[in-house]
Structures are given as C-alpha cells and as structure tokens.
Amino acid sequence: MSIHYFSEVFRAMDDPYLKARHEDIQHLGNKIFNAWRGNNDAAKALAGIDGPVVLVGEMVSVSDIAAIPVEYLAGIVCFAGSGLSHTGVLANAMGVPAVMGVGDFCSLQGGEQIIVDGDDGRIIIQPSKAVVREFNKLITKQQALSEKLSELHDQPATTMDGHRVRLFTNTGLLADITPGLKNGAEGVGLYRTEIPFMIRDSFPTEDEQVNVYQQVFAAYAGKPVYIRTLDIGGDKQLPYFPITNEENPALGWRGIRFSLDNVQLIMTQVRAMIRSAEDAGDLHILLPMISSTNELDTFIKLLDDACAQLSSEGFAIRRPKVGVMVEVPAAISQLPFWAKKLDFISIGSNDLSQYLLALDRNNSRVADRYDHLHPAVLHEINRIVKVARAHDLALSLCGEMASDTAAVILLVGMGVRTLSMSAAKLPSIKWAIRSLSVAKAEAVLQQALTLENVSEIRALLAKNIAELEFSELVH
C-alpha cells in the first residue's frame with residue numbers, strides 16, 4: 001500500500017488531531033522516497049566548497065542556492081528564464097549577480113573562470129587578464145560607493161521637504177536576514193515562506209515552521225514582519241509536490257488557490273506564524289493571488305479558527321493583521337468592498353505588471369517587452385494608491401519596482417510611503433529618497449502620466465535623475 005493511501009486514511013478521520021497527522025505521514029513518506037531515489041547527489045557534489053562558486057544550469061533552484069555558503073556564492077547563470085524569474089528575484093534579494101535566459105552553453109564543463117555581469121546582463125567565459133583587471137576596478141568602485149552609502153544606515157529615508165518613507169526588506173532564506181539589518185531595514189515587508197518549503201524534501205511540520213519564523217521575529221524584534229502565506233505554482237515548484245499538466249501555470253493552481261484547496265496545510269502554516277510571533281511580535285499575514293471576496297472570507301474564517309485553537313491550547317497569542325497582495329488585476333476594483341475586512345494592502349509589482357501586460361516574465365522571448373514603467377502599470381498603481389487613501393487602507397509596495405530608482409521617483413510622487421525591496425538596494429534607494437522632494441516627484445509624475453510609451457517615460461526619468469545628482473546610483 002502507498003504512503004498516499006495511509007495519508008488519506010488519516011485525513012478521513014473525525015478527530016481533528018489525528019486528521020492533522022496526515023501531514024506527518026506524507027512527511028515520512030517523502031523522506032523514505034527521496035532516500036530510496038538517492039536524492040542527495042547534489043549535496044555530495046557541493047560538499048567541500050571553499051572558494052567562489054558560480055551556479056550554472058537550465059534554471060538554478062532555490063535548494064541549489066541554499067546549499068552554497070553565502071560567502072562563496074559569486075554568481076548565478078541560467079540558460080532559461082528572465083531577470084524577473086523567481087531565481088532572478090531571489091538572487092537580487094541576496095545581492096548576488098545573476099544573468100538569466102542566456103541560452104544553452106554546452107561548452108561549460110565546470111571549473112572555468114567566468115565573470116557574471118548582473119548590471120549589463122552578460123557573462124564572460126575565460127576572460128583575459130585585462131578584462132579581469134577592469135572588472136576588479138568596477139568592484140572596487142562599487143565597494144567605495146557602498147561604504148559611502150553605509151553612512152546613512154541610522155538615518156531615516158526622509159525627502160528634502162520632510163516626508164518620511166519607510167524602507168523594508170524582502171527576504172526568505174534565513175541566510176539573507178542579516179543583510180537587511182546591516183543595510184538599515186525598518187522591518188520585513190515580504191517574507192517568502194515558500195523558500196523554506198522549497199529547500200526541504202517534504203512539507204515542514206508546524207514545529208519546524210515555528211523554528212524558522214521565530215528566527216525572523218528574533219532578528220527583527222520590535223519591527224513589523226509581513227509574512228506571505230505559501231505561494232507556489234508557476235515558476236515556484238516544490239520538488240516533492242510538483243504541480244504539472246498546466247497549460248498556463250501563471251494563471252493556474254498557485255498562491256491562495258493552492259492553499260485554500262489544502263486547508264490543513266495552510267492551517268498548519270497560519271498556526272506556526274501566530275505561535276512564532278506569540279503576543280509580542282508585530283505579525284502581518286499577507287495573502288498572495290487574491291482575486292475574489294470568497295477567498296478572503298474563507299481565509300479570515302480559517303484565521304479565526306486558528307486563533308481559537310491556539311488560545312484553547314494555552315498559547316499566548318495576538319491576532320495578526322491581515323492584508324492582500326494586489327497583483328491580480330481583478331483585485332483592484334474590489335478593494336472598496338474589502339476595505340473593512342483588511343488591515344493593509346501590498347502591491348506586488350512583479351505579478352501585477354505581468355498580468356496587466358499579459359507578458360510571461362519567465363519567458364525570455366518576451367522578457368524585453370516587460371517593464372513596470374509601462375503606462376498601463378503606472379496608471380493602475382496610481383489608481384490603487386488613490387483607492388487606498390480614500391478607504392484609509394495602509395499601503396506598501398514590494399517587488400522589483402521598489403528597487404528601481406527611476407520608479408521610486410514616481411511612487412513617491414503618487415504617495416507611496418512604504419517600500420519593500422532586496423536588502424542590497426536599501427542604501428541606494430534611501431540615498432535617492434533623501435535627495436528628492438515630494439514636490440519634485442509629484443511634478444515628474446504628472447508629466448509621466450501624460451506619456452504614452454515606456455521609452456518616453458524612461459527618458460523623462462533619466463533627465464530628472466541627472467538633475468538630482470544621484471545618477472551614480474542607477475545602473
């Protein structure tokens with residue numbers, strides 16, 4: 001008989017405690033299956049690493065990245081995908097240069113010297129000594145700029161005319177918590193819970209999740225922590241629970257859709273989040289891919305049940321704040337209906353741009369057409385900000401747009417006052433905001449909203465960046 005059979009036997013039980021143990025059966029089964037397959041070859045291959053490593057593959061996985069000590073991970077090269085693929089986004093969050101969608105380089109055998117130029121999106125194999133010298137000069141210049149920016153660590157991101165902008169960090173791997181704090185993050189604006197799920201060989205138990213999340217709350221004690229519920233599907237697959245046979249994964253069984261179809265899984269996760277924060281942590285639960293009132297209502301009921309369970313079990317808890325990712329365009333027009341049910345909203349600029357433009361951000365054939373400064377994206381984000389203001393909804397923006405200095409000018413002009421980004425980008429974005437006035441940002445925004453194509457908008461912003469004298473921060 002299969003593991004699945006015994007898991008379903010437990011799932012069918014009436015007793016809530018025994019019913020929840022079906023996850024433990026799956027957990028054990030996955031461990032046995034992976035041991036039988038000998039699925040630790042990669043770990044053996046990576047053992048003994050004691051120098052810089054560039055990971056190269058069709059699509060480097062999160063588990064591959066997690067297997068390399070942070071101090072040795074020098075770069076990532078993927079034959080497929082784009083800069084906004086999940087791997088690219090994670091690399092950016094860790095401050096690791098990555099080049100995506102380069103095509104299949106069959107000549108790479110391993111052991112070659114390689115330069116990964118994440119700024120210009122290129123790789124150089126077996127570079128000459130002269131080329132290496134030039135890139136070392138660029139690295140030295142970058143390090144000098146980083147030292148200059150580090151002087152702002154304890155300074156707030158306040159515009160020249162006195163408007164405060166909160167800067168949070170996006171994180172997921174425990175290894176990348178420290179850079180956020182080092183670079184002055186005021187909290188965690190997006191904790192990607194799928195990453196701890198991806199680097200395992202089975203679904204983590206409630207206690208295992210508590211152990212992970214507690215480390216985040218300990219590191220950011222007294223600061224807000226926004227934890228997103230499991231967001232898998234599309235280009236974010238679990239190795240032990242792949243979602244296959246979907247013609248269009250980006251529109252398929254992912255995010256909250258997957259979670260609500262696996263109630264015990266999300267219940268376990270929500271319980272773990274609340275237990276981790278206890279009654280002192282500033283926990284905000286963030287829901288991905290919400291597109292209907294029914295999804296939101298179902299989650300709120302589940303959250304009520306989780307809080308009641310934990311209270312009855314004697315845990316000291318505080319009900320967390322609840323918000324949604326505004327990334328499915330259908331959510332925008334429904335925000336007025338949801339306002340009284342929510343504590344905040346967070347604009348997920350990566351997926352929102354993808355869905356508004358009908359462009360698969362993982363497809364290298366169309367990736368060059370993707371731009372979060374497209375007029376349609378700017379007008380919709382401006383609309384979201386106005387709706388949030390009208391309904392007194394706290395608003396933040398997370399995604400690569402928050403790391404783009406040009407985009408930040410427009411976001412500040414719109415009235416966005418909380419941004420969450422990769423840790424590596426925090427110092428330069430803070431510098432830019434402190435060099436900017438809201439009055440200037442609003443004026444630039446009004447000009448940008450009259451333009452009809454990306455190239456004109458980019459040219460306008462480049463001109464204003466040059467005038468504001470922080471062009472050295474823009475790559």
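This report describes selected helices, strands and loop residues of a predicted model.

## Helix H7

Helix H7 covers residues 129-150, a run of 22 residues. From its first C-alpha to its last it reaches 31 Å, close to the 32 Å expected at 1.5 Å a residue.

Three residues of H7, namely Phe135, Leu145 and Leu149, are buried. Viewed down the helix axis, the buried residues of H7 fall within an arc of 75 degrees, so they line one face of the helix. The cover over these buried residues includes strand E4 (114-117), strand E5 (122-125) and helix H18 (426-434). On the other side of H7, the exposed residues are Lys129, Arg133, Lys137 and Glu147.

## Asn464 in helix H20

Asn464 is placed in helix H20, which spans residues 454-468. Its relative accessibility is 3%, and because buried means under 20%, Asn464 counts as buried.

The side chain of Asn464 reaches the backbone oxygen of Leu460 at 2.8 Å. When residues up to four places away in sequence are not counted, Asn464 touches Lys440 and Val444.

## The three-stranded sheet

Strands E1, E2 and E3 form an open sheet in the order E1-E2-E3, with parallel pairing. Its edge strands are E1 (53-57) and E3 (98-99), each of which pairs on one side only.

Strand E2 comprises residues 73-78 and is joined to E1 by five bridges, the two strands running parallel. Val53 has Leu73 in E2 as its bridge partner.

## Positive phi at two loop residues

Glu278 has a phi near 55 degrees, which is a positive value in a residue other than glycine. The residue lies in the loop between helix H12 (263-277) and strand E10 (282-287). With a relative accessibility of 43%, Glu278 counts as partly exposed.

Asp392 likewise has a phi near 55 degrees, a positive value in a residue other than glycine. Its loop runs between helix H16 (375-390) and strand E13 (394-398). Asp392 has a relative accessibility of 73%; because exposed means over 50%, Asp392 counts as exposed.

Definitions and conventions:
Residues numbered from 1 in each chain as written. Predicted model: local features only at pLDDT ≥ 70, side-chain atom pairs only at ≥ 80, totals over all residues. Heavy atoms only, no water. Helix = DSSP H or I, 4+ residues; strand = E, 2+ residues; numbered from the N terminus. Expected span 1.5 Å × (residues − 1). Buried < 20%, exposed > 50% of the residue type's maximum accessible area, 1.4 Å probe, protein only. Arc of directions from axis to C-beta. Contact = heavy atoms within 4.5 Å. Polar contact = N/O pair within 3.5 Å; in protein donor to acceptor, adjacent residues only side chain to side chain. Pairing = 2+ DSSP bridges.
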